[in-house]
Amino acid sequence: MTKTDDEEKKYLQDLPDDLSSDATQSHGGKMRRSGPRKGKRSLKAIDQRTKLERSRQSARECRARKKEKYQLLEEMVEGKEKTVLALRKQLEDLKKDLSNGILPKAEDIKSPDDDEDDESTDNE
């Protein structure tokens with residue numbers, strides 16, 4: 001034991017019984033009562049509520065972004081499905097023409113890009 005520890009021990013022995021009980025702790029020569037500090041619980045509760053509210057807000061925003069992303073993907077899928085249907089129809093028409101002995105001209109064959117250009121000019 002060091003001199004400080006001996007002095008502290010002697011000091012605690014000289015104190016009345018109610019002060020030297022387990023309810024007090026020694027920290028560097030200072031006496032402190034153990035147990036919850038006043039106001040500490042309310043700050044923790046407030047911090048916890050704030051953290052919980054931020055978490056809920058973040059979750060709301062995440063769900064909104066996810067919903068928006070899925071809507072965009074659904075619109076893209078719809079557009080691609082329309083393109084596929086148009087190309088299948090064009091393929092069937094070309095097969096019919098070939099089976100009838102008619103050779104299509106190059107300008108009669110539309111590419112999927114042409115359909116998109118036609119749609120954009122129709123909207124203007």
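Reader: Before we look at charge pairs, what is a salt bridge here?
Author: A salt bridge is a side-chain nitrogen of Lys or Arg within 4 Å of a carboxyl oxygen of Asp or Glu. The model under discussion is a predicted one.

Reader: How many salt bridges does the structure hold?
Author: The structure holds 2 salt bridges. One of them joins the side chains of arginine 60 and glutamate 53, with an N to O distance of 3.7 Å. That pair qualifies because 3.7 Å falls within the 4 Å limit.

Reader: Is arginine 60 buried or exposed, or something in between?
Author: Arginine 60 is partly exposed, its relative accessible area being 39%.

Reader: How accessible are aspartate 93 and lysine 89?
Author: Aspartate 93 has a relative accessible area of 33% and is partly exposed. Lysine 89 reaches 53%, so it counts as exposed, the cut-off for that class being over 50%.

Reader: Why can such side chains pair at all?
Author: In general, side chains of opposite charge can pair when their charged atoms come close.

Reader: Let us step back to the whole chain. How many helices and strands does it have?
Author: The protein chain has 3 helices and 2 strands. Read from the N terminus, the order of these elements is α-β-β-α-α. Helix H2 covers residues 40-99.

Reader: What share of the residues is buried?
Author: Buried residues account for 2% of the 124 residues in the protein chain. The chain exposes about 11,700 Å², and 51% of that area is supplied by carbon and sulfur atoms.

Reader: Turning to glutamine 90, is it buried or exposed?
Author: Glutamine 90 has a relative accessible area of 16%, so it is classed as buried, which means under 20%. Glutamine 90 is located in helix H2.

Reader: Which residues does glutamine 90 touch?
Author: Leaving aside residues up to four places away in sequence, glutamine 90 touches Asp108, Ile109 and Lys110.

Reader: Isoleucine 109 interests me. How far apart are leucine 91 and isoleucine 109?
Author: Their C-alpha atoms are 9.4 Å apart in space, while 18 residues separate them in sequence. Leucine 91 is in helix H2, and at 44% relative accessibility leucine 91 is partly exposed.

Reader: Now the surface. Which residues make the nonpolar patch of about 410 Å²?
Author: That patch is made by Tyr70, Leu72, Leu73 and Met76. Methionine 76 lies in helix H2. With a relative accessible area of 46%, methionine 76 is partly exposed.

Reader: Which residues gather in the patch of negative charge?
Author: Glu74, Glu75, Glu78 and Glu81 form that patch on the surface. Among them, glutamate 78 is placed in helix H2 and is partly exposed, at 48% relative accessibility.

Note on methods. Residues numbered from 1 in each chain as written. Predicted model: local features only at pLDDT ≥ 70, side-chain atom pairs only at ≥ 80, totals over all residues. Heavy atoms only, no water. Patch = residues over 30% accessible without salt bridge, like charges linked within 9 Å, V, L, I, M, F, W, Y side chains within 5 Å. Areas by Shrake-Rupley, 256 points an atom, 1.4 Å probe, with all protein chains shown as cover. Helix = DSSP H or I, 4+ residues; strand = E, 2+ residues; numbered from the N terminus. Buried < 20%, exposed > 50% of the residue type's maximum accessible area, 1.4 Å probe, protein only. Contact = heavy atoms within 4.5 Å. Lys, Arg positive; Asp, Glu negative; His and termini not counted. Charge placed at Lys NZ, Arg CZ, Asp CG, Glu CD.
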